[in-house]
Amino acid sequence: DDAMMKLSTLFVTVTTVLASPSAMAGTIAAAHVDRQSATALSVEWTDSDPVDVFVTDNPAATIAQAKLLSGSDKDGHYALTAAGTERRYFLLRDVKSKQVVTVAERLLPLERGSNFRDIGGYPAAGGKHVRWGLIYRSGASAMLTDADVQQVQGLKLSQMVDLRSSEERVLAPTRIDGVPYMAVGYSMGAMMKPAAGSTEIKNGGTIYRNFPKFLAPQLRIIFGDLLANKGAIAYNCSAGQDRTGFVTAMILSALGTPRDIILQDYHLSTQYRQPGNEMPKINLEAHPNDPAAALFAKFQNDPRGNVAQPLKEADGTPFLASAFDEIDKRWGSVDGYLEKEIGLNKVDIANLRRIYSQ
């Protein structure tokens with residue numbers, strides 16, 4: 001009995017030690033980078049283990065190629081001085097498990113930009129995450145300062161795809177030069193027409209039902225660029241939220257990002273938009289019979305237009321849900337849409353996930 005008691009006590013002790021958080025390798029979670037000021041960044045994370053913090057200007061860098069900033073950091077926080085024009089990527093390594101997580105600023109800190117952000121870091125298929133520094137979404141870039149242009153050029157973009165109408169591109173031409181540029185001509189008035197089965201644009205989500213067909217040519221270009229794997233790409237509309245939000249939803253869906261995360265990214269536009277930086281002041285007399293000029297002048301003359309509004313119906317339904325609903329009705333699923341309308345087969349999807357997730 002004595003021997004059995006000792007054996008039982010030993011078993012409980014060993015089990016307790018093995019199960020205790022301090023004895024088990026932790027997992028880095030909730031990693032993010034916040035800009036505190038024009039010259040200050042903070043890196044935050046949670047982990048039961050100490051973490052080594054590395055920095056690099058190369059999103060594809062390994063630990064061996066990055067610079068150690070802090071070893072065995074235990075407080076889940078690291079602050080550093082960093083000018084806004086320098087893009088940095090942080091590699092966090094769990095000291096015990098050797099797990100490595102890459103994280104970066106999501107929003108580019110542009111002086112006169114709007115909603116220019118990286119879609120890296122989100123969960124992807126197979127337990128992986130979308131790579132940072134390769135896919136950027138944005139609002140219009142007509143108001144960028146010279147320093148902003150220099151910062152965007154530093155991203156080494158291989159392609160920019162402008163999702164805006166022909167009228168918008170005349171009203172607010174991009175200031176970003178030196179980057180290959182692609183756009184598909186169309187009229188703002190045509191895009192604003194009610195979708196099939198509707199008699200009028202009744203709410204914000206109704207127009208989203210047009211996006212799967214209307215933006216298919218642009219999506220084919222973007223996915224072609226992504227599969228060509230020539231480097232980072234960016235795509236934009238005027239606000240960087242509606243057309244850009246739909247395109248982002250399709251890219252993240254192809255990479256296997258869960259729908260709830262896609263919607264979280266979509267709603268970040270309300271936080272990240274700077275409407276005053278998206279379109280120069282419009283003189284309607286100079287643009288008669290221009291549907292885009294009329295629309296944006298209306299926004300500019302409405303005090304509410306200076307503040308980004310939530311992308312939701314009155315009942316809280318995201319506008320983007322209408323696009324997903326249209327896709328489900330016409331193509332059965334996003335996978336069906338990407339295959340039948342955009343032309344992506346299973347090999348293409350597998351290649352996208354190989355290139356853009358890690």
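**Entry 1: terms and model**

I count two strands as paired if DSSP finds at least two bridges between them. I note at the start that the model is predicted. I looked up the overall make-up of the chain. I find twelve helices and twelve strands. The chain has 358 residues, and 47% of them count as buried. I then checked contacts between residues at least 6 apart in sequence. Of these, 66% join residues at least 24 apart.

**Entry 2: the four-stranded sheet**

I looked up an open sheet of four strands. Its order is β4-β3-β6-β7, and the pairing is antiparallel. Which strands are at the edges? They are β4 (67-73) and β7 (100-104), and each pairs on one side only.

Next I followed β6 into β7. Strand β6 covers residues 89-94 and runs antiparallel to β7, joined by five bridges. I wrote down two of the partners. Arg 93 has Val 100 as its bridge partner in β7. Leu 92 has Val 101 as its bridge partner in β7.

I then looked at the turn. The hairpin of β6 and β7 has five residues between the strands. Which residue in this hairpin takes a positive phi? I find Lys 98, with a phi near 70 degrees.

**Entry 3: the five-stranded sheet**

I moved on to an open sheet of five strands. The order is β8-β9-β12-β10-β11, and here the pairing is mixed. The edge strands are β8 (117-118) and β11 (181-183), each pairing on one side only. I checked β8 against β9 (residues 135-138). They pair in the antiparallel sense over two bridges. Asp 118 has Tyr 136 as its bridge partner in β9.

**Entry 4: the largest pocket**

I looked up the pockets next. The largest pocket holds about 1,100 Å³ of space. It is lined by 36 residues. Which lie nearest its centre? I list Gln 241, Asp 242, Arg 273, Leu 295 and Phe 299.

The largest share comes from α9, with five residues. By class, I get 19 nonpolar, nine polar and eight charged residues in this lining.

**Entry 5: the second largest pocket**

The second largest pocket holds about 980 Å³ of space. I find 44 residues lining it, and the closest to its centre are Ala 31, Val 103, Ala 104, Arg 106 and Trp 132. The elements β1 (29-37), β7 and α8 (259-272) each supply at least two lining residues. Which element gives the largest share? It is β1, with seven residues. The lining divides into 26 nonpolar, twelve polar and six charged residues.

Buried or exposed, for Thr 27? Its relative accessibility is 54%, so Thr 27 counts as exposed, the cut-off being over 50%. Thr 27 is in the loop between α1 (2-19) and β1. I listed its contacts, not counting residues up to four places away in sequence. Thr 27 touches Thr 46, Asp 47, Asp 94 and Gln 99. I also took one distance. Thr 27 and Thr 46 are 19 residues apart in sequence, and their C-alpha atoms are 8.0 Å apart. Among these partners, Asp 94 belongs to strand β6 (residues 89-94).

Thr 248 is in helix α7 (residues 243-255). Why does Thr 248 count as buried? Because its relative accessibility is 1%, and buried means under 20%. I listed its contacts with the sequence neighbours up to four places away left out. Thr 248 touches Ile 119, Arg 137, Tyr 235 and Asp 265. One of these, Arg 137, is in strand β9 (residues 135-138).

Note on methods:
Residues numbered from 1 in each chain as written. Predicted model: local features only at pLDDT ≥ 70, side-chain atom pairs only at ≥ 80, totals over all residues. Heavy atoms only, no water. 1 Å grid on protein atoms, 1.4 Å probe; cavity = no way out; pocket = protein on both sides within 12 Å on 5 of 7 lines; lining within 4 Å. Points joined across faces, edges and corners; volume = space filled by probe spheres on them. Nonpolar A, V, L, I, M, F, W, Y, C, P; charged D, E, K, R; others polar. Buried < 20%, exposed > 50% of the residue type's maximum accessible area, 1.4 Å probe, protein only. Contact = heavy atoms within 4.5 Å.
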